[in-house]
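Visitor: I would like to learn how to read helix packing in a model like this one. Could you walk me through it?

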Amino acid sequence: MIAAATVQDTPHAGVVEVVRAILAEIVDPEIPAISIVDLGIVRAVTIVGRTLEVEILPTFIGCPALDLIRATVFERLEPLRTDPATGIDQVLVAISFAEPWTAARISERGRDALTASGFAPPDDDPQLVQIGRPAACPFCGSRRTVVENAFGPTRCRSINYCTECRQPFEQFKAG
Amino acid sequence: MTTTRTVRAGGTGAGVPPGLEPATAELLLALADDDFVLGFADSEWTGIAPHLEEDVAMSSLAQDELGHANAYYALLAGLTDGDPDQIAYDRPAEAFRHSRLVDHGRGDWARTMTRRWLYDTANAIRLEALAHSSWRPLAELVVKVRREEAYHLVHGEAWLERLAQVEGEPRRRVLEALELVGPDAPSVLAPLPMEALLLDAGIQPVPGAELRDQWAARIAPVLEALELALPEPDPAALDPGRARSGHGPAFSALWTEFESVRGLDREATW
């Protein structure tokens, strides 16, 4: 989900589309099955004058992958700066808290990608931090699951157990 | 010219009315130092928590706190044209403005959990108010911080209940922890020296004294159900001039530890 892409004072409106396509190829370093666009952490792509700015919403504030994501976005977009056809001479990657990242920002394709790689996607409710609400098991689909630990191997993952198919699994937390 | 530094949309120091920078900096430093010092203290449990799940949980909690501190330091850096890492790691110990509650060493597991619960509940009350700060960059950040802190509250309360309800050693240790850190608990919400300015500008929407009443009402039912009582506050914990200064030996040791790597080479980057 990318909101509010705006192009001002530049004849190169197509650049925003190019940027979106590049961002859609960048994967989450901790869960490479999902792109940062499908994860919903790209809030906005803005071109003002000759400056391209990408706003990133952290899933969790202390996420150690954030620096890597920011650096990767910068590296992939940087070549646009040296291509005179883009009209871009500055690339900024900003970490933003203008709105909280929530599970509702994960795209349908992102949710499918999480499930396919063994992660239960969070429930699609932007208002609530989900604690103790049973996740759907990514293997058998059952809701007869329990949270074993609200804290998992990374800040955005909890550890769960399915009492139906007896598989441990992780849930991507709502944030 | 090109940068990957954290540049927040709108500029970090934007919107603080002229003249209010020092008071706002004081607020940010209190928020940041509380989380930073608590995060470091709790990170000491990594590898030695009572069981594996708690190893993971405490590491996550500590990581959250350090992340929150980093975000507050980044706001502060924008306000003072400074650098978040320098603010965190290049200050003498006496320049830290964390509260007396956080100044205690982590102690045993019961003390860590009791202190966490006292801190998390007080911090939640403070953040609830700051989510309505007139300074948007702070209000926006706090909205996100609160969502994460919800997990901390559930974790801390579950442990306090578990320990306090088992007669014998677990309950005895909770009582000892309350006795030691309880008198300092209100220090988290003690009015800051420049509070009046922050209140006038709406940067801090609710006075510390009122927050403290809200907090007391919030924790009373839990304490009552567990037949626990918070000791009388230490006068220093209520005093704007003393609630966040005059740190003890536990913090000296912690400061020496977290500053040591940075101290090897202050110019190093990675």
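Guide: Gladly! Two residues are in contact if their C-beta atoms, placed from the backbone, lie within 7 Å. Helices (H or I, at least four residues) and strands (E, at least two) are DSSP runs, numbered from the N terminus. This is a predicted model, in which local features need pLDDT of at least 70, side-chain atom pairs count only at pLDDT 80 or more, and totals for chains, interfaces and linings use all residues. Residues are numbered from 1 along each chain as its sequence is written, while chains are lettered from A and ligands numbered from 1 in the order in which they are written.

Visitor: Which residues of helix 1 of chain B meet helix 11 of chain B?

Guide: Val37(B), Phe40(B) and Ala41(B) in helix 1 meet Phe251(B), Leu254(B) and Phe258(B) in helix 11 of chain B. This contact has 6 nonpolar, no polar and no charged residues (Ala, Val, Leu, Ile, Met, Phe, Trp, Tyr, Cys and Pro count as nonpolar, Asp, Glu, Lys and Arg as charged, and the others, Gly among them, as polar).

Visitor: How do I describe the geometry of such a pair?

Guide: Two packed helices are described by the angle between their axes and the distance between the axes. Axes are lines fitted to C-alpha atoms, for helices over the stretch in contact, and angles run from 0 to 180 degrees between N-to-C directions. For helix 1 (residues 21-43) and helix 11 of chain B, the axes come within 11 Å and cross at roughly 85°. That makes the two helices roughly perpendicular (angles under 35 degrees count as roughly parallel, over 145 as roughly antiparallel, 65 to 115 as roughly perpendicular and the rest as oblique).

Visitor: At what angle do helix 5 and helix 9 of chain B cross?

Guide: Their axes come within 9 Å and cross at roughly 130°, so helix 5 and helix 9 of chain B are oblique to each other. Among the residues in this contact, Ile125(B) and Arg126(B) belong to helix 5, and Trp215(B) and Arg218(B) to helix 9 of chain B. By class, the contact divides into 6 nonpolar, 2 polar and 2 charged residues.

Visitor: Where does helix 11 of chain B bend?

Guide: The bend at a residue is the angle between axes fitted to the seven residues ending there and the seven starting there. Helix 11 of chain B bends by about 35° at Phe258(B), a residue that also meets helix 1 of chain B. In helix 6 of chain B, a kink of about 30° is centred on Glu148(B).
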